[in-house]
Amino acid sequence: MAATEQEQFYALLGNLLSPDNAVRKQAEETYETIPGPSKITYLLQAIRNNATPEEARQMAAVLLRRLLSSAFEEVYPALSPEDQTSVKSELLLFIQLEMQSTMRKKICDIVAELARNLIDEDGNNQWPEVLKFLFDSVSSQNVGLREAALHIFWNFPGIFGNQQQHYLEVIKRMLVQCMQDQEHPSIKTLSARAAAAFVLANELNAPLLKHFADLLPGILQALNDSCYQNDDSVLKSLVEIADSVPKYLRPHLEATLQLTLKLCADASLSNMQRQLALEVIVALSETAAAMLRRHTNIIAQAIPQMLAMMVDLEEDEDWANADELADDDFDSNAVAGESALDRMACGLGGKLVLPMIKEHIMQMLQNPDWKYRHAGLMALSAIGEGCHQQMEGILNEIVNFVLLFLQDPHPRVRYAACNAVGQMATDFAPGFQKKFHEKVIGALLQTMEDQGSQRVQAHAAAALINFTEDCPKSLLIPYLDNLVKHLHSIMVIKLQELIQKGTKLVLEQVVTSIASVADTVEEKFVPYYDLFMPSLKHIVENAVQKELRLLRGKTIECISLIGLAVGKEKFMQDASDVMQLLLKTQTDFSDLEDDDPQISYMISAWARMCKILGKEFQQYLPVVMGPLMKTASIKPEVALLDTQDMENMSDDDGWEFVSIGDQQSFGIKTAGLEEKATACQMLVCYAKELKEGFVEYTEQVVKLMVPLLKFYFHDDILLTNSTHFVGVGCCLSLIMARVRVAAAESMPLLLECARVRGPEYLTQMWHFMCDALIKAIGTEPESDVLSEIMHSFAKCIEVMGDGCLNNEHFEELGGILKEKLEEHFKNQELRQVKRQDEDYDEQVEESLQDEDDSDVYILTKVSDILHSIFSSYKEKVLPWFERLLPLIVNLICPHRPWADRQWGLCIFDDVVEHCSPASFKYAEYFLRPMLESVCDSSPEVRQAAAYGVGVIAQFGGDSYRPVCPEALPLLVRVIQSPDAKAKENVNATENCISAIGKIMKFKPDCINVEEVLPHWLSWLPLHEDKEEAVHTFNYLCDLLESNNPIVLGPNNSNLPRILGIIADGEIHEAIKHEDPCTKRLANVVRQVQTSRGLWTECISQLNADQQAAIQELLNSA
């Protein structure tokens, strides 16, 4: 290699380190053009050359590691075998010769990265020399080499590949020896970190974890020593273990907890170290709650520690009237303590936490120091979610006490009281609103008048928003006059202050309070509309400065919510002005910065305008859709980084990181993601509201939405490492899930929109989405999102109908549904195993029940998909269904949980309804369980079985005839049981009544209709199950129209009773007015009217409500 080339490369390295952005950018571009193998040569030479400036050598080492990490397959195999050998031996030699410890570590990182890539698929390490180097170095007298060996092992604990089991004792001995090195703290610390990394890398290997359990005391000793040397690396490793492998800590849990508690309480340590120590306990409350609950003494000591952290507040004279809300300082002890308390209450449950914390909070609230009162109130806010059940019982006492602090002399305590009220209004809704509306609304309105502190006023308004959002409309209406009067007078004052002083904080919240009230009371806001609208329009027109962007956005939101509340008729007087204001903002949209808060408010406001204006909104689509599509198309920046790179970037604005093991982190830039999710939801709204009016945009929207079904952090990462994402932006996961849900929801709606373009266009669109939807059902990791995707897929099949799935689709879908059902059974078995665990307790049972509910919900969606396929394909699909048959039969076995039996029966109900008479060949599997389930102890199972008997009568064909006489007494037994009409039983009972009606209508020769009919009439009307109500009323009309003597009774004596049944059906809205059955019922009534005497007699036997209902029926049909 020419010396000049290497010199040019040294110059390039210098430029890569340049503080000048332009120089650095140019250097980066030049570096990217160098071929991979040449990069390796140049970088090794730079590392080798001690004359190179230290900074440039380190840069070369970092670049080489990155190159091997990100492009190994492109660069390393391109080297000749001789060069590959040379690279490996040189790197090991560099470590031995390097005198500078930072540089040595960086070379170790390169070695670890190369070793990671040289383990083949079978686990063979293709670099045996590196293992020999590790063994030689770790027992060397040279401390630097021992450090190097441990550093490499820490960086890549999987370095032994498939030889790990063989070397297990050696690895253990090596780590134990190093942890006992009293002379060299660095060796002790590194070996503890390496041991922790090894445990984490083998988190699923229970025997290994057990074998390595006796390393934990050494790790804890090293952790304690390193913390007092201002090194928190071992402490961070312990946090990771608590997060991912909590059971490893069990044999020494008491010692682990005592140590972390001691560190947390030690004020001589840094805030970060104390918070990390607390994080170990908090993480365990989430990942191993049952195990931690046994150590009540530790929890009882940890809670006061969190509360003490929450008291660690700064005095700030400017706080009360600051006009900008400073972001929470997440590094502060106060925020960390509050967050820890919230998570611990949720993790351990209120049964344990509330009794331990209650007295502490009460004492804090009586402390003369404002910081304690503030912390007590914030603690009360923090535990509401986790202690929900236990606090409900004493809510009256808590609320009365908290409201007193709205009058506290210190503004920050008043603020904390507002916070507690707002949090309780959310956590305990709507019971909180029902019980305390009188006290709370008055107290908050009074606090909003607090002229001493803008921050308190604004927070009182925020609490009022929380209160009204979840407040039943009927409760809020009596306060409406008073609310409006207060909100209007504050708005006027604050508008003047905005003009005179430029302050806006309170006005921002008041505008949202007005919106929230309007949103809750809906049309009752009409009388106040003219009071607010001129001022709100004025704000949107004039608040154009950058610092008023949030106010303007919130005002746009307020106007659109008021418009939606009062309805089109009232809003139309301003609709044109408002649209012009929005359009003006929209045309300036391209000038808005990406993080402009107006964007998401605008996007949502347009969607509300669409709901208000309906079809008339179509004319605005050309203006709206461009920016909306741009926002919905935002692609977040993502990066896969080594942990060291991440540390360099962590201060960079807007990046969130998550460790995915093996010293790698995944980063995502969050800017614009929230707006993207909102924009996707708004596209769904347009498709839903405008239907065929949206057809022009269906193609571009479908092209956007289909890829978003797999909008994860990263295709490979979320699926394989979803457990590691718990802590990262939980909120980030939620935003990304919202995008995937919107994508799924849009699919059937877009098909409906596209229908007007004809079958060919529709089929093309369906082909574009079908594969992606099926694959998403197979791969979606979040059950909440999965259920939406499955629901949308079922809807799409209903829209497209027979022929929409080809053989490949059926093959793939069958495999996926089979997987889901097998997973369902496996999860139930795993839950049974957890019930045998030594840490099992009632809180564990609660979380297992939640898991079970989530599993059952997915089962309902499997049923939805099968329903849509059966209803579209009929008996043609039965051969395909047979691969699932054993699993569905398993669902209805008598020993299975009731939800399994319910949904298994529902699936067989569909088979009978849509695939008869061919369905009879499966009768041997489901008929006996179905009949036995008619009288099941679970009402849900009874309902599914009774519905099944009804469809057998209606669709089953002759083969099923013997079922009807056998089912009849069973159905009657359910109907005549004493609690048949109790709320939980009524749906099952009504399905039994409907099933008997169907037997009489469709299989009359199988039973004695004349005997059954009078009983059946006495059980009418049905009003809970609307579908079955239509069936029964239609059959009743059949009987009446054919003048059935049993129904009419001698001399029409049953007619008053019949009219009563029809009236009660109308009162309970059992039948929609557009249903043809309504017309038939009205005709029956009119028939009676023709005989004046009979009519008078019938009407006289009805009460006032029934008479009004009959009149309503006649008017509507």
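I looked up Arg961 and its cover: at 27% relative accessibility, Arg961 counts as partly exposed. My scale is buried under 20% relative accessible area, exposed over 50%, and partly exposed in between (1.4 Å probe, protein chains only). The areas come from the Shrake-Rupley method with a 1.4 Å probe, and for residues only the protein chains shown count as cover.

This is a predicted model, where local features need pLDDT of at least 70 and side-chain atom pairs count only at pLDDT 80 or more, while totals for chains, interfaces and linings use all residues. Residues are numbered from 1 along each chain as its sequence is written, and side-chain values use heavy atoms, leaving out hydrogens and water.

**Salt bridge at Arg961**

I found Arg961 in a salt bridge with Asp1005, with 2.9 Å between the closest N and O atoms. The pair links distant parts of the chain, 44 residues apart: Asp1005 sits in the loop between α49 (986-1002) and α50 (1009-1018), and Arg961 in the loop between α47 (939-955) and α48 (963-975). Asp1005 is exposed, at 56% relative accessible area. My salt-bridge rule is a side-chain nitrogen of Lys or Arg within 4 Å of a carboxyl oxygen of Asp or Glu. Helices are DSSP runs (H or I, at least four residues), numbered from the N terminus.

**Arg1080 and Asp1038**

Next I checked Arg1080, whose side chain meets that of Asp1038 in a salt bridge (2.6 Å, N to O). Arg1080 is in helix α54 (residues 1076-1089) and Asp1038 in helix α51 (residues 1026-1041), so this pair ties together parts 42 residues apart in sequence. Both ends are partly exposed: Arg1080 at 22%, Asp1038 at 25%.

**Glu54 and Arg57**

How far apart are the closest N and O atoms of Glu54 and Arg57? I got 3.5 Å for this salt bridge. The two are three residues apart in helix α4 (residues 54-75), so about one helical turn separates them. Glu54 is partly exposed at 31%, whereas Arg57 is buried at 3%.

**Whole structure**

My search of the whole structure turned up 55 salt bridges.

**Positive patch**

I also noted a positive surface patch formed by Lys611, Lys615, Lys688 and Lys691. Patch residues have over 30% relative accessible area and no salt bridge, with like charges joined within 9 Å. Lys counts as positive, and its charge is placed at NZ. I located Lys691 in the loop between α35 (673-690) and α36 (698-708). Lys691 is partly exposed, with 45% relative accessibility.

Technical notes
Patch = residues over 30% accessible without salt bridge, like charges linked within 9 Å, V, L, I, M, F, W, Y side chains within 5 Å.
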